[in-house]
Amino acid sequence: MPRDICADIVFGRKSSNPVMYRLTCEERHEWKHDSDLIVEILDEHPPRRLGGDKWADDQGVGDINRGQLYHAVMTYYPVPGLEPPDPVDVAVKWVRGKRAIVSLRREAEMYEGPLIPLQGQVVPIFGGLFTTTTRDGFDIGCLILEWCPGNDHTTFGKPTEDELRLRENAVRQLHAVGVHHGQLFERDEGLCLSDGRHFLRAADGTLRIVDFQRAFMHRCVDKDTDLDSTNETDDDSADLERICDELLRAIEHYHRALEGELRTTPWNTF
Ligand SMILES: [Zn+2]
């Protein structure tokens, strides 16, 4: 049995009063840490629970994870005789409450299960699920994931043809491993600004689909199904009939762009 790996999550590292939580790893992960982690939150004050404040009643306790997402740098405690790996930028998804942790665990199981072959290509690299109960009785959970610096989808406006091509390709790969995301497209018709919050860019500019708390397994398309020449022959129509709404929508958005109809596609800025 490998020993438990811990992650020390440090908030307010540059303040005079930094606060550290020690969490234990529940799920193994792509990075396969050999020693305990130090995760320094870069841009944040301590969570509101600290300093005598209370968390908002609805914060991180619902079925849907309403915790916070932080940008952090992950390093390791030194191991004698081993060269330490380079620090790496990570996203820390931080929640409070048993129900929120259950939801986070579901997401972790997706990353550790069907999404394994897509990590670092279509979905973020998964760095582990860590949990603890604090001395004053709060259950805390956090997911560590590859940091995607292209996080602010509101700055890009209506997606371009190229963006829609990348999204279509990513959604297709997701469905080929049997995963239905469940929150990718806000509306049946047209494009939505908010759709972009689940299509981020990794450091190298490639696309990542994120947030799998409502994802479920289904079967609509195989890896080898050729959908590239949609709506041209009867066989292709048969393929299209099999596929689910989520994938169909990704294909339709891209094809509309290909056919020069992107400009007239409705754009909902919410
Ligand atoms: Zn599907």
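Author: Two strands count as paired if DSSP finds at least two bridges between them. Keep that in mind for this predicted model.

Reader: Fine. How many bridges join β6 and β7, and in which sense do they pair?

Author: Strand β6 (residues 126-133) and β7 are antiparallel partners, with seven bridges. Phe126 faces Leu145 of β7 across the pairing. The two strands make a hairpin with five residues between them, and Gly137 in the turn has a positive phi of about 90 degrees.

Reader: Which other strand is joined to β7?

Author: Strand β5 (residues 88-96), also by seven bridges and running antiparallel to β7. Look at Ala91: its opposite number in β7 is Leu145.

Reader: And is β7 mostly covered or mostly open?

Author: In a regular strand the side chains alternate between the two faces of the sheet. As for β7 (residues 139-146), eight of its eight residues are buried, so to speak a covered strand from end to end.

Reader: Now the rings. What describes a pair of aromatic rings?

Author: The distance of the centres and the angle of the planes. This structure holds seven aromatic pairs. Take Tyr111 and Phe212: the centres are 5.5 Å apart and the planes stand at 80 degrees, so the pair is edge-to-face. Tyr111 belongs to helix α1 (residues 98-112), while Phe212 sits in the loop between β11 (207-209) and β12 (216-217), so the pair ties together parts 101 residues apart in sequence. Tyr111 is buried, at a relative accessible area of 0%, and for Phe212 the value is 0% too.

Reader: Why is the pair of Phe185 and Phe199 called tilted?

Author: Their ring centres are 6.1 Å apart with the planes at 40 degrees, so the pair is tilted. Both residues, Phe185 and Phe199, are buried.

Reader: Which residues do ring pairs link into a cluster?

Author: Phe11, Tyr21, Tyr70 and Trp94.

How values were computed: Residues are numbered from 1 along each chain as its sequence is written. This is a predicted model: local features need pLDDT of at least 70, side-chain atom pairs count only at pLDDT 80 or more; totals for chains, interfaces and linings use all residues. Side-chain values use heavy atoms; hydrogens and water are left out. Rings of Phe, Tyr and Trp (its six-membered ring) pair if their centres lie within 6.5 Å; planes under 30 degrees apart count as stacked, over 60 as edge-to-face and the rest as tilted. Helices (H or I, at least four residues) and strands (E, at least two) are DSSP runs, numbered from the N terminus. Buried means under 20% relative accessible area, exposed over 50%, partly exposed in between (1.4 Å probe, protein chains only).
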